[in-house]
Amino acid sequence: MEPPPIKESHMRNWKELEQILRDIDGRGYKGYLELKGGYECERFCLFIDHIQGDPFAAPSKIRIRVTHAEAKIPIGLRDNAVRRLAVGDYIIRRVHREIPRVTKGGRGMGKSGLISIDGGGQEVLARTAIKFTESWVEVRMEVGLPAAGRTILGRQAYAMLCEDIPRIIQAGLLWKESLQDEGQQFVHCVENQVHIRSQLQARELVAFLADGSVLPRESGRSDSPFRGKNLQVFQSPSSLRVTLSLLYPMYQNGVLVTELEGMGVPKGITLIVGGGYHGKSTLLQALARSVYPHIPGDGRENVVTHSDAVKIRAEDGRRVEGVNISGFISNLPFGQATTEFSTNNASGSTSQAATLLEAVEVGATVLLIDEDTSATNFMVRDARMQQLVKKSQEPITPFVDRVKELYRDHGVSTILVMGGCGDYFDVADTVIMMQDYQPVDVTDHAKTIGRTHPTQRAVEVTSALPDLEPRVPVPASVDASRGRREVHIDARGVEALIFGHETVDLSAVEQIVDPSQVRAIGYGMYVAAQQMMDGKRNVTQVLKRLMRKFEQEDLDWLSPFGTQGHHPGNFAKPRSFEIVSAINRLRTIQMRPGVRAS
């Protein structure tokens, strides 16, 4: 829904903004409150929506609105949802790049002089940092209004608002003929990734990695592509090579192509093996991140994973509430039931079982698992251990004995990195060996080894995997209030969500890629508790309603700052899987058994 226009009678002109800044120069910081409102200049409108309480508080929030006639962004680059996503991301990045070129430091204390926009990383995400309507485009930014102590520095504020911001908008938002090729390439790159994903289902694939892709990252602290002299670009094995069409031609090695060749990862159970430091986990990490589109030049812009793929790992100490883990863990000592299992301190195996089942509960169709982040006793029990510890004494049914059943009976594929256990050869449909960061199809060889050297271990499944029981969240257990504050929600990077009195540990939810997603998850949980949880709807039904809201409206409706037509705060769109991961890790969450649909 387009926000109501600001009435002309409520808009002030640029000269009035200049006069206010002169009048409040040298006054106490609260004098900045006089700036709130809208201002018209020749080429754009400036809206100052939120004034920070002091120079050290969260920055003030502004919006800059430009008509399409003035912005001149080609309509062909913004006439559908995917193109608006892509060109919006492109513009945000341009504005972000222009800020350090224009701004100057030393404008006071604390956050004085700060100008920023929620610019993002290697992934392309829907963000509240930009908004399109039929009439205009608007970027949303944050500024640190200058002060010495708590004394307003009006001249510096004038330089920021009346000189720097116009220069940034001129260079970053207003379209130029010189941007046409770069901007169009960016949009077409994102559209091609969406188009590739649309072909996976018909080809019975869960992922695609184009030849020439760059999977390694610059370092453990940088998500930028590795560009060193030992770089090995991805090259698919001939037995797994597929060709997928492109929506728009692209240049590859200087040649214009209309289709891409690469490795198709088929449905079923895919095992990724190989020695240490040969690229197994790098491949899996690329697949995990490629549920999102990537920017041109990332190296993974032609790597695409099914949108319902979820990375699963062990997580000692996490909260588990009301999950039926009996298919993996049962017959616990002292008769503890596992059909509605709850704990505030899950072990590695129980946490991994719960995380897997929670993902499948809300629609995951592909599981991504790395042995390095898994509980060993959850993954397998070898023949010797089975001889020593009898099944009657072991409550865990290992994943190796359920993975085939998950695919056969529930349609859930698995891509599994495994470097230390050949027992998975017996259940894998495809085995890929990574050697010097290159994939080799060793399926036939692995199967031959499996026949020649039988595992000797016994399958430990005693009954079918139970149907997932619906869980109904109790609305009162999702409480974002703290003291007198009705809502207290914030992100601590991508690893933690502050939700009322609780700090939700998200460090093991690896497909959260941006702090702005964490903020959106927190406010999404709050809205779900207020409007969608009624004590009857199960988790899946609540998530569907919430995601439908995301699809029908932009992210502005999450705003903690009031009604539409104001800066909404910095949000980036999460997936339903990451939202439910936060709900499941909230230590106050309570779940009741639901009614299974007939």
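Q: Which residues line the second largest cavity?
A: They are Ser213, Leu215, Pro216, Gln232, Val233, Phe234, Met434 and Tyr437. This is a predicted model, where local features need pLDDT of at least 70, side-chain atom pairs count only at pLDDT 80 or more, and totals for chains, interfaces and linings use all residues. Residues are numbered from 1 along each chain as its sequence is written, and side-chain values use heavy atoms, with hydrogens and water left out.

Q: What makes a space a cavity, and what makes a residue part of its lining?
A: On a 1 Å grid over the protein atoms alone, a cavity is a set of points where a 1.4 Å probe fits but cannot get out; a lining residue has an atom within 4 Å of a point. Two cavities of 30 Å³ or more are found by this rule.

Q: How much space lies in the second largest cavity?
A: About 30 Å³. A volume is the space filled by probe spheres set on grid points, which are joined across faces, edges and corners.

Q: How many residues of the second largest cavity's lining are nonpolar, polar or charged?
A: Six are nonpolar, two are polar and none are charged. Ala, Val, Leu, Ile, Met, Phe, Trp, Tyr, Cys and Pro count as nonpolar, Asp, Glu, Lys and Arg as charged, and the others, Gly among them, as polar.

Q: What makes up the lining of the largest cavity?
A: This cavity has 18 lining residues, and Val310, Lys311, Thr355, Ser581 and Arg585 lie nearest its centre. It holds about 130 Å³ of space. Seven lining residues are nonpolar, four are polar and seven are charged.

Q: Which elements supply at least two residues each to the lining of the largest cavity?
A: β17 (309-312), α7 (348-361) and α14 (576-585) do. α14 gives the most, with six residues. Helices (H or I, at least four residues) and strands (E, at least two) are DSSP runs, numbered from the N terminus.

Q: Why is the next space called a pocket and not a cavity?
A: Because a pocket is an open set, with protein on both sides within 12 Å along at least five of seven lines. The largest pocket holds about 1400 Å³ of space. Its lining has 42 residues, with Ala81, Leu85, Ala126, Glu551 and Lys573 nearest the centre. Two or more lining residues come from each of α3 (81-102), β6 (130-132), α5 (180-200), α13 (539-552) and α14. The largest share, seven residues, comes from α3. By type, 19 of the lining residues are nonpolar, seven are polar and 16 are charged.

Q: Why is Cys162 called buried?
A: Its relative accessibility is 10%. Buried means under 20% relative accessible area, exposed over 50%, and partly exposed in between (1.4 Å probe, protein chains only). So Cys162 counts as buried. Cys189, at 12%, is also buried.

Q: What makes a set of residues a nonpolar core?
A: Its members are buried Ala, Val, Leu, Ile, Met, Phe, Trp, Tyr and Cys residues joined through side-chain atoms within 4.5 Å. The largest core has 84 residues. Leu356, Leu367, Phe399, Tyr424, Leu497, Phe499 and Met525 have the most contacts inside it. Helix α12 (residues 515-532) gives the most to this core, with ten residues. Apart from it lies another core, of 55 residues, including Val124, Ala157, Phe186 and Val190.

Q: Which residues is Met525 in contact with, leaving aside its neighbours within four places in sequence?
A: Val478, Leu497, Phe499, Ile579, Ala582, Ile583 and Leu586. Contact means heavy atoms within 4.5 Å.

Q: How do you know that Val412 is buried?
A: Its relative accessibility is 2%, so Val412 counts as buried. Val412 sits in the loop between α10 (403-410) and β21 (413-417). Beyond its neighbours within four places in sequence, Val412 contacts Val360, Ala364, Thr365, Leu367, Leu406 and Tyr407. Val412 and Ala309 are 103 residues apart in sequence, yet 9.5 Å apart in space, C-alpha to C-alpha.

Q: What makes the phi of Lys72 worth noting?
A: Most residues other than glycine have a negative phi. Lys72 is not a glycine, but its phi is positive, about 65°. Lys72 lies in the loop between α2 (68-71) and α3. At 53% relative accessibility, Lys72 is exposed.

Q: Where is Asn331?
A: Asn331 is in the loop between β18 (320-323) and β19 (341-343). Asn331 has a positive phi of about 55°, although it is not a glycine. Its relative accessible area is 69%, so Asn331 is exposed.
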